[in-house]
Amino acid sequence: MNLEFNISVHVLSFLTKHRYEHFSSQELAQLTCLNPVQLRRVTTVLNNHGFIDALRGQGGGYRANNTTPTIKLSTLYQLFVVDKTSSQRIFTGNEQSHCAISRNFAHTMANYKEQEIALMLDFYNKLTVSDVIKEIIKEETTHVTL
């Protein structure tokens, strides 16, 4: 999980809840408690994939479309976590090492990483933006009645 994944789920949930309204990036950033630059980075990807509609010009903004409530979280996880290219080194070891542990460590950890991604995608494949909203409303109701 990372911040952009969380931002995407937050924004899509908010826009779905307010599906007949549109919000400028400034309004949306304020209403979702996000940095406008981070928000625009994510909404650009969401718009390019057809997950939201972006209305250009004065009085424009972002709004949900018919696809927004049904987007699977696995799709967002793939976009914002798995497909993100990272220049950071994440595995240690060296294939040229005389030590068997160091020589094979990166390969073993890469296998684990693939399994981790598969588990996460399987988990998030069962959830949609609408499910997130239902869970939030359920939690809100539980907190209010306590």
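These questions and answers walk through a predicted model of a protein.

Q: How many helices and strands are there in the protein?
A: Read along the sequence, the pattern is α-α-α-β-β-α-α-α. Counting by type, the protein has six helices and two strands.

Q: What radius of gyration does the protein have, against that of a compact globule of 146 residues?
A: The C-alpha trace spans about 65 × 45 × 25 Å along the principal axes of the protein. A compact globule of 146 residues would have a radius of gyration near 15 Å. The protein itself has 19 Å.

Q: What percentage of the residues of the protein count as buried?
A: Buried means under 20% relative accessible area. The protein has 146 residues. Those that count as buried make up 32%.

Q: What share of the accessible surface of the protein belongs to carbon and sulfur atoms?
A: The accessible surface comes to about 9,700 Å². Carbon and sulfur atoms hold 54%.

Q: How far apart are the centres of the positive and negative side chains?
A: The protein has 14 positive side chains and 13 negative ones.

Q: Among contacts between residues at least 6 apart in sequence, what percentage join residues at least 24 apart?
A: Contact means heavy atoms within 4.5 Å. Take the contacts between residues at least 6 apart in sequence. The share that joins residues at least 24 apart is 64%.

Q: Is Ile 52 buried or exposed?
A: Ile 52 lies in strand β1, which covers residues 52-55. Leaving out residues up to four places away in sequence, Ile 52 touches several residues, among them Leu 12, Leu 15, Leu 46 and Tyr 62. Its relative accessible area is 1%. The cut-off is under 20%, so Ile 52 counts as buried.

Q: How far apart in space are Ile 52 and Met 120, C-alpha to C-alpha?
A: In sequence, Ile 52 and Met 120 are 68 residues apart. In space, their C-alpha atoms are apart by 24 Å.

Q: Where does Asn 65 lie?
A: Strand β2 covers 61-64 and helix α4 covers 73-82. Asn 65 is buried, with a relative accessible area of 11%. Its place is in the loop between β2 and α4.

Q: Which residues does Asn 65 touch, not counting residues up to four places away in sequence?
A: Tyr 20 is 45 residues from Asn 65 in sequence, and 8.9 Å away in space, C-alpha to C-alpha. The contacts of Asn 65 include one with Ile 52.

Q: Why does Thr 16 count as buried?
A: Thr 16 is in helix α1, residues 3-17. Beyond its neighbours within four places in sequence, Thr 16 is in contact with Ala 64, Thr 68, Pro 69, Val 129 and Ile 133. Buried means under 20% relative accessible area. Thr 16 counts as buried because its relative accessible area is 9%.

Q: Is Asn 6 buried, exposed or partly exposed?
A: Asn 6 lies in helix α1. Asn 6 and Leu 79 are 73 residues apart in sequence and 12 Å apart in space, C-alpha to C-alpha. The relative accessibility of Asn 6 is 34%, so it counts as partly exposed.

Q: Is Gly 57 buried or exposed?
A: Gly 57 lies in the loop between β1 and β2. Val 11 is 46 residues from Gly 57 in sequence and 20 Å from it in space, C-alpha to C-alpha. The relative accessibility of Gly 57 is 62%, so it counts as exposed.

Q: What is phi of Cys 33 near?
A: Cys 33 lies in the loop between α2 (25-31) and α3 (36-48). At 71% relative accessibility, Cys 33 is exposed. Its phi is positive, in a residue other than glycine. The value is near 60°.

Q: How many disulfides does a search of the whole structure find?
A: A disulfide needs a pair of cysteine sulfur atoms within 2.5 Å. Cys 33 is exposed, and Cys 99 is partly exposed at 29%. Across the whole structure, the number of disulfides found is zero.

Notes:
Residues numbered from 1 in each chain as written. Predicted model: local features only at pLDDT ≥ 70, side-chain atom pairs only at ≥ 80, totals over all residues. Heavy atoms only, no water. Buried < 20%, exposed > 50% of the residue type's maximum accessible area, 1.4 Å probe, protein only. Helix = DSSP H or I, 4+ residues; strand = E, 2+ residues; numbered from the N terminus. Rg over C-alpha atoms; globule rule 2.2 N^0.38 Å. Areas by Shrake-Rupley, 256 points an atom, 1.4 Å probe, with all protein chains shown as cover. Lys, Arg positive; Asp, Glu negative; His and termini not counted. Charge placed at Lys NZ, Arg CZ, Asp CG, Glu CD.
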